[in-house]
Amino acid sequence: MADDIFDAQSGADDAAETDATAITSARDGASARPELSGAIAKFENAHRNGPHFADPLEMWGEALIAKSRSDLALAKFEEAAKYAPNWGRLHLKWGEALYYAGKPDEARKQFAIAAKLDLTPSDKSELARMRLP
């Protein structure tokens, strides 16, 4: 059992490291979009192997945002929050997905939660850019 949990977390970490570049690159242009499908498949597999880890769900949501599918990302972030309710980046990205899905009031709520939690300097900068009037 412990080996299964370690393998699932290791798979989630490997998928995140391997495919974070694809997600970042996709934001910069459409050329990386085919890579996102591979990233999503890896996140789905990592989630299947470790269904109680938030990491694959959060990264899956980020990949969906990069594919302009914020509507689908919302469910991933909501599920991830069950396992990591105090993860600042999760709430930041959830707010971003809500904003892109046309739900600014709900986005503000997630941004407010993110602002109260630990964020990296990069996440803090992103939050400052996403602040809604």
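This is a predicted model: local features need pLDDT of at least 70, side-chain atom pairs count only at pLDDT 80 or more; totals for chains, interfaces and linings use all residues.
Q: What makes the contact between Arg-89 and Glu-58 a salt bridge?
A: Their side chains meet at 3.9 Å, N to O. The limit is 4 Å, so the pair qualifies. The bridge links distant parts of the chain: Arg-89 is in helix 5, Glu-58 is in helix 3, and they are 31 residues apart.

Q: What makes the pair Arg-89 and Asp-123 a salt bridge?
A: The N to O distance is 2.4 Å. That falls within 4 Å, so the label applies. This pair also links distant parts of the chain, with Arg-89 in helix 5 and Asp-123 in helix 7, 34 residues apart.

Q: How do you know whether Asp-123 is buried or exposed?
A: Asp-123 has 5% relative accessibility. Buried needs under 20%, so Asp-123 is buried.

Q: How many salt bridges does the structure hold?
A: There are seven. One of them joins Glu-96 to Lys-93, with the closest N and O atoms 2.9 Å apart. Both residues lie in helix 5, three residues apart, about one turn of the helix.

Q: Why are Glu-96 and Lys-93 called buried?
A: Glu-96 has a relative accessible area of 6%. Lys-93 has 1%. Both values are under 20%, so both residues are buried.

Q: How do you know that the span of helix 3 agrees with its number of residues?
A: The helix has 13 residues, and at 1.5 Å a residue it should span 18 Å. The expected span uses one less than the number of residues. The end C-alpha atoms are 19 Å apart, so the two values agree.

Q: What makes helix 3 mostly covered?
A: Twelve of its 13 residues are buried. Among them are Pro-56, Met-59, Trp-60, Gly-61 and Glu-62. Ser-68 follows the helix, and its phi is positive, near 60°.

Q: Which residues touch the most other members of the largest nonpolar core?
A: They are Phe-43, Trp-60, Ala-73, Phe-77, Trp-94, Ala-97 and Phe-111, out of 29 residues in the core. Helices 2, 3, 4, 5, 6 and 7 each give two or more residues to this core. Helix 3 gives the largest share, eight residues. Nonpolar side chains tend to be buried together in soluble globular proteins.

Q: Why does Gln-110 count as buried?
A: Its relative accessibility is 10%. That is under 20%, so Gln-110 counts as buried. Gln-110 is found in helix 6. Leaving out residues up to four places away in sequence, Gln-110 touches His-91, Trp-94, Gly-95 and Leu-98.

Q: What makes the pair Gln-110 and His-91 a polar contact?
A: The contact joining their side chains is 2.6 Å. The cut-off is within 3.5 Å, so the distance passes.

Q: What does Trp-94 touch, not counting residues up to four places away in sequence?
A: Trp-94 touches Leu-74, Phe-77, Glu-78, Ala-81 and Gln-110.

Q: How many helices and strands does the protein chain have?
A: The chain has seven helices and zero strands. Of its 133 residues, 43% count as buried. Among contacts between residues at least 6 apart in sequence, 55% join residues at least 24 apart.

How values were computed:
Residues are numbered from 1 along each chain as its sequence is written. Side-chain values use heavy atoms; hydrogens and water are left out. A nonpolar core is a set of buried Ala, Val, Leu, Ile, Met, Phe, Trp, Tyr and Cys residues joined through side-chain atoms within 4.5 Å. Buried means under 20% relative accessible area, exposed over 50%, partly exposed in between (1.4 Å probe, protein chains only). Helices (H or I, at least four residues) and strands (E, at least two) are DSSP runs, numbered from the N terminus. Contact means heavy atoms within 4.5 Å. A polar contact is a pair of N or O atoms within 3.5 Å; within protein, one must be able to donate a hydrogen and the other to accept it, and residues adjacent in sequence count only if both atoms are side-chain atoms.
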